[in-house]
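Biologist: I am new to this structure. Please take one part and walk me through it closely, then show me what surrounds it.

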Amino acid sequence: QGNKGGVAIRFKFHNTSVCVVNSHLAAHTEEYERRNQDFKDICSRMQFCQLDPNLPPLTIGKHEYASCLTEVKAKLKRIADLMAVSRNSSEIIAVPLTWLQNPSPVYIYLCCFSSTAICQIFLIFFPGIIHWVSSYEKCRVPAWCDRILWKGQNIAQLSYRSHMALKISDHKPVSSVFDIGVKVVNEELYRKAFEEIVRSLDKLENANIPSVTLSQREFHFEDVKYMQLQVQKFTICNGQVPCQFEFISKPDEETYCKEWLIANPSKGFLLPDAEITIELEVFVNKSTATYLNSGEEKLEDILVLHLNRGKDYFLSVTGNYLPSCFGSPIHTLCYMREPIQDMSAESIRKLTLMPLEMSDDTAQAEKPMDIPKELWMMVDHLYRNASQQEDLFQQPGLRSEFEQIRDCLDKGMHDTLC
């Protein structure tokens, strides 16, 4: 029927939750199966949304109603006996039934049911004192409805009565007053317990935070030259917790280091008490030499070594770069009448940043050479010493030979060209 079902409300007073349920189930003795199903539907479908949206809704079934329903079939015979007694009587029960089985340690429930079968079941589980009064004029079989059942700890019924004066329905309302013990938090004990828990969690968390020891955190690369690799090493020693490490980029930067620098390996995993050697490699090529010559870029960087679930370690990398004709624009070299390494850093910066097209006043004051002296020195050497050499320019040169040529050109020692 459309008017069968239940409504519920719950609230929290101090640290005690209270739930009140009111139900209207199918009438008549022969409809006990429908009443049982109505009750099951109410318990399974009733949901209470919690204040925290991340928590699942609460249902009546989660409040220890299930243990009672499992015993229903075992009590059917006794229920039938009571129903047979009711058929021969012209009176109804008018006292409350107290449900105290399996009290919940968390929730106290005030459950209001209007149900023949349910009240019969609870009467079997928890026999009470039966008091007979005159039935109403229809002389129906006692309905066992309009009853107040309750469950919980520290709860006592102070009064119970029916309201026979209300005649708009064949159900006569009942009311009851209860004395309920509620849990109130002792703020002082709560604060002490909370602080103790926080200390314990901090201790546990700190014991599981990865921690490493670095053999060195500051690195300086002396006299870095064009296309000449320099390497420095340091060791990462792990503690008692396995850790995953990685060099990470700093804010607003795409890579973890400057273009002229690399860490090898840049990430890895360490078991407890294990260690690993990291190589820091500095290498200046043609893509970075111009910026270093002009002073727009310096050999300075900060590496951030990050431990997963741990802290960050900061490594300082510095160095000084020896300017080179390699990586310098040709039109800039035409204005350099002396070796580049004999010039001041300010002079090199001005010439490197000089625009390709000079004004007339600047051109008259600083007349450039027709070709860079470094280019003339190499062509002259080839003309005088290598014009008869077979397979010239067919085979790559040696790295050591390149370094010697570079130093000769940068220092102006053309007589020592190999």
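**A close look, from a helix to the sheet**

Modeller: Start with Trp376, which sits in helix H10, residues 373-385. Keep in mind that this is a predicted model. Trp376 counts as partly exposed because its relative accessible area is 48%, between the 20% and 50% limits. Together with Ile371, Leu375, Met378 and Val379, Trp376 forms a nonpolar patch on the surface. The accessible area of the patch is about 450 Å² in total.

Now turn to the sheet. Four strands make an open sheet, in the order S12-S14-S18-S16, and the pairing is antiparallel. Strand S12 (212-214) and strand S16 (261-264) are the edge strands, each pairing on one side only. From one strand to the next, the twist averages 25 degrees.

Look inside the sheet next. Strand S14 covers residues 230-238, and strand S18 covers residues 275-282. The two pair in the antiparallel sense over 8 bridges.

Follow the chain from strand S13 (218-224) towards S14, and Met227 lies in the loop between them. Its phi is near 60 degrees, a positive value in a residue other than glycine. Asp252 is another such case, with phi near 65 degrees. Asp252 is found in the loop between strand S15 (243-248) and S16. Asp252 counts as exposed because its relative accessible area is 86%, over the 50% limit.

Pro265 lies in the loop between S16 and strand S17 (267-270).

Salt bridges come next. The count is 14. One of them returns us to the loop between S13 and S14. There the side chain of Lys225 meets that of Asp407, at 3.6 Å from N to O. This pair links distant parts of the chain: Asp407 is in helix H11 (residues 399-411), Lys225 is in the loop between S13 and S14, and 182 residues separate them. Is the pair buried or exposed? Asp407 counts as buried because its relative accessibility is 19%, under the 20% limit. Lys225 also has 19%, so Lys225 counts as buried too.

A second bridge involves the loop between S15 and S16. Glu297 and Lys258 meet through their side chains, at 3.3 Å from N to O. Here too the pair links distant parts of the chain, 39 residues apart. Glu297 is in the loop between helix H6 (286-294) and strand S19 (300-307), while Lys258 is in the loop between S15 and S16. Glu297 has 26% relative accessibility, so Glu297 counts as partly exposed. Lys258 is partly exposed as well, with a relative accessible area of 25%.

Finish in helix H5, residues 187-207. Arg191 and Glu195 both lie there, 4 residues apart, about one turn of the helix. Their side chains form a salt bridge at 2.9 Å, N to O. Arg191 is partly exposed, at 38% relative accessibility. Glu195 is partly exposed too, with a relative accessible area of 32%. The pair is part of a network: salt bridges that share partners join Glu188, Arg191, Lys192 and Glu195.

Technical notes
Residues numbered from 1 in each chain as written. Predicted model: local features only at pLDDT ≥ 70, side-chain atom pairs only at ≥ 80, totals over all residues. Heavy atoms only, no water. Pairing = 2+ DSSP bridges. Axes fitted to C-alpha atoms, helices over the stretch in contact; angles between N-to-C directions. Patch = residues over 30% accessible without salt bridge, like charges linked within 9 Å, V, L, I, M, F, W, Y side chains within 5 Å. Areas by Shrake-Rupley, 256 points an atom, 1.4 Å probe, with all protein chains shown as cover. Salt bridge = Lys/Arg side-chain N within 4 Å of Asp/Glu carboxyl O. Buried < 20%, exposed > 50% of the residue type's maximum accessible area, 1.4 Å probe, protein only.
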